[in-house]
Amino acid sequence: MILALQSRLADALRTAARDAFGVELGAVGFQYPPDAAMGDLASNAAMALARSQRKNPKEIAAALAERMAKVPGVTRAEVAGAGFLNLFLDRGAAVRTLADGLQDPMPQPPRVPGHAIVEHTSINPNKAAHVGHLRNAILGDTFVRILRARGHDVGVQNYIDDTGVQVADVVVGFLHIENKSQAEVAAIPGKFDHYCWDLYARVGDFYAAAPENKAKQAEVLHAIEAGGNEIASLAEHVASRIVACHLETMARLGIRYELLAHESDILRLHFWNRAFALLKDAEAIRLVTEGKQNGCWVLGMGKADDDAPGSGRRSPGDEAQRPEGRDSLPARAAVDEDKILVRSNGTVTYTGKDIAYQLWKLGRLDRDFRYRLYRAEPDGHRVWQTTSGETDPQAPRFGNARDVYNVIDVGQSYPQRVVKAGVAALGYEREAAGTHHLAYEKVVLSPETARALGYDVAEDGGVVKVSGRKGLGVKADDLVDALEKKALAEIATRDPERDKAQSERTAREIAVGALRYFMLRYGRTRILTFDLEEALAFTGETGPYIQNAIVRARNIFTKLEAEGHAVDVLLARARALDLGALLDGEEGAEIWALALLMARSEEVAEAAVAAEEPSIVARHAFTVAQAFHGYYQKPKYSLLHAESEDRRALRVLVVDAFVRQMSALAGLLGIPVPERM
RNA sequence: GCGCCCGUAGCUCAACUGGAUAGAGCGUCGGCCUCCGGAGCCGAAGGUUGCAGGUUCGAGCCCUGCCGGGCGCACCA
């Protein structure tokens, strides 16, 4: 609601500026004054105009205020501070608009043209998922939810590197440490990914023990790449079984995918050959004939002095037109700037393959995967996987995206920049601009948590890096288990009568809410110090706080009904009220502030998309819940003991609006709302 | 050496991308259940925004130089 209003007011402001000064305002944005008493919306347009108009900002603001005061929906316009233009809205009209839109708290905006792909999770299929992987998946999944709410058509892909060294390492473990056959591996009971977690850690020691052990790695890797042998078959078994484990772990958190894209299919369908040809034809890459990189095909990585390479200024085949003199600058050899895509032995690097994959995502590879159904879920959701065998004619179309969001840790920034540069070097400017790296920082363990897990911590008590290679870290499943157990214990003390099945279900919902909020509350470029105590907290700025706000609000309605007050009758009464009169006074001011805050959800979601930052929505959700708790807690605003039916109706309107808005926000964050807590 | 991220209350983090009195949670201290659910609410203490300059009506945010921490810059994946 606030977005529509803002855009109407922005138009009015543009008109006012035109009338008064004959100037066109650029982008008009509104801020929110620090104190509600100062106004509902603020514009700093006057201060921006001060320079060009050579006038005092206050004078300009006064001229604008005079015109804005006459705009419908605005009751007052004031000049404040250094030249802010503060607008007071017609509360009755605004709240009524909000009330009318109640049926749909977060209306679906017009559909954004083009398809978007979000790739996330993408865990090496050789061990259990840990907290770092959770950050990736929760970040990606939440971003998908937000994009969809803002009208984007989004497909979710999970990349499976089933032919890499990490899988090979575990296979080495099975073959040369445990001497197991594939049948014996298949017979391993229990959580297979947890089993491999431990085995993988042992492989590191195995390699360190003797050089001939390390040689097994290359042996196994080659067998896997060649395919059609027992080792490759074992690798396939390991990878597919672990992928199933990962999907199960993620499903516990409400995370799922449309497509599982396999590295092995990229190899077997020769995506790189195609990309290589395209790059050569466009002269986007060149063969080095001397020096250190002799015999390699490289992609020029000219240091862009603006944001990202290929963001618009370079055109294809631009390599020959680099600024003259750069190569002649002392101590700046071209080789330092170029990225090898094909080694002198003719094999392709990881980054090279990634360019091919990215081109496919963008619909510019001119080659496609084949697809088969991986799983159809009870609710009808279908998970597909790539294959190099027969394709299923029922399969939907994947790829051809206008925007691709790769959720990958920040350590991969350089290779991701190379991928973007590769796309740009082919002349695909728009596609390069649509290539987004949703980078996030790593997760480390706090010294206390590391100690609690039995790891050695240096005396100075620094943080401990999570390391799959060393088996160091917190497994995702173990964390969710711990959260569920704690929630269950909490429920048992609060509501001992509750039956077991319902308690367990609620415990699961609380665990998911707590974990998802914990992973989302920090900005993604910040290193997340994982502390078990904090992650297990259910009070304060947490998911359960948000859940509790909704549960309590809904509970009021149950109570009202039980006392003989029909909620729908009260809601109907509320619609006929003279809101303008009721919204004066102390309670009116509180309701108004709450309404204005709730109305911002769309705006906040849009900001999260623009900034590619889900934490913005998470924090907003907490702020709204907090504002509601503050209002609701006051006995004088009781619904059961209201001083008049009109007051009761007004409060029902507020609580109903809150439940709907807050539920919508929880949905954006993937935080489930329990029936009871 | 070059590039990126981070430095804000005792701790963990915000600050709507240059706006008004820098805000939350945790922790500490003090209040609130004859009053719709206390996983809650109200209040207090706690800040030279790493340091020094600069830009302008205005800087936690932009520029320059330092200091401190982390990560990249592979013919590894």
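Which residues are linked in a network of salt bridges? The network consists of Lys191, Arg252, Asp477, Asp481 and Glu484. A salt bridge is taken here as a side-chain nitrogen of Lys or Arg within 4 Å of a carboxyl oxygen of Asp or Glu.

The structure is a predicted model, in which local features need pLDDT of at least 70 and side-chain atom pairs count only at pLDDT 80 or more, while totals for chains, interfaces and linings use all residues. Residues are numbered from 1 along each chain as its sequence is written, chains are lettered from A and ligands numbered from 1 in the order in which they are written, and side-chain values use heavy atoms, with hydrogens and water left out.

The domain assignment of chain A gives four entries: domain 1 (2-89), domain 2 (120-269 + 364-398), domain 3 (273-335) and domain 4 (543-669). Such bounds come from an automatic or database domain assignment. The centres of domain 1 and domain 2, taken over C-alpha atoms, are separated by 55 Å.

Nonpolar packing was examined next. A nonpolar core is a set of buried Ala, Val, Leu, Ile, Met, Phe, Trp, Tyr and Cys residues joined through side-chain atoms within 4.5 Å. Buried means under 20% relative accessible area, exposed means over 50%, and partly exposed lies in between (1.4 Å probe, protein chains only). The largest core has 146 residues. Leu9, Met68 and Phe530 have the most contacts inside this core. Helix 26 (residues 645-669) supplies the largest share of this core, with 15 residues. In soluble globular proteins, nonpolar side chains tend to be buried together.

Helices (H or I, at least four residues) and strands (E, at least two) are DSSP runs, numbered from the N terminus. Gly92 belongs to helix 4 (residues 91-100). Gly92 counts as buried because its relative accessibility is 9%.

Aromatic rings were then paired. Rings of Phe, Tyr and Trp (its six-membered ring) pair if their centres lie within 6.5 Å; planes under 30 degrees apart count as stacked, over 60 as edge-to-face and the rest as tilted. The count comes to 18 aromatic pairs. Phe174 and Phe192 form a stacked pair, at 6.0 Å centre to centre with 5 degrees between the planes. Phe174 lies in helix 6 (residues 165-177) and Phe192 in helix 8 (residues 192-209), so the pair ties together parts that are 18 residues apart in sequence. Both Phe174 and Phe192 are buried. Phe206 and Tyr207 form a tilted pair, with 6.2 Å between centres and 45 degrees between the planes. Phe206 and Tyr207 are also buried. One aromatic cluster is formed by Tyr159, Phe271, Tyr357, Trp360, Phe369, Tyr371 and Phe398.

Charges also sit over rings. The criterion is NZ of Lys or CZ of Arg within 6 Å of the ring centre and within 35 degrees of the ring normal. The charged end of Arg76 is placed over the ring of Phe88, 3.9 Å from its centre. Lys486 lies over the face of Phe538, at 4.8 Å from the ring centre.

Salt bridges number 42 across the whole structure. Side chains of opposite charge can pair when their charged atoms come close. Glu484 and Arg252 meet at 3.5 Å, N to O. This pair links distant parts of the chain, 232 residues apart: Glu484 is in helix 17 (residues 476-494) and Arg252 in helix 10 (residues 230-252). Glu484 counts as buried at 18% relative accessibility, whereas Arg252 is partly exposed at 28%.

Asp338 and Arg286 form a salt bridge at 2.5 Å, N to O. Asp338 is in the loop between strand 8 (297-299) and strand 9 (339-342), and Arg286 is in strand 7 (residues 285-287), 52 residues apart. Asp338 is buried, at 6% relative accessibility. Arg286 is partly exposed, at 35%. Glu431 and Arg430 also meet in a salt bridge, at 3.5 Å, N to O. Here Glu431 is buried at 3%, and Arg430 is partly exposed at 40%.
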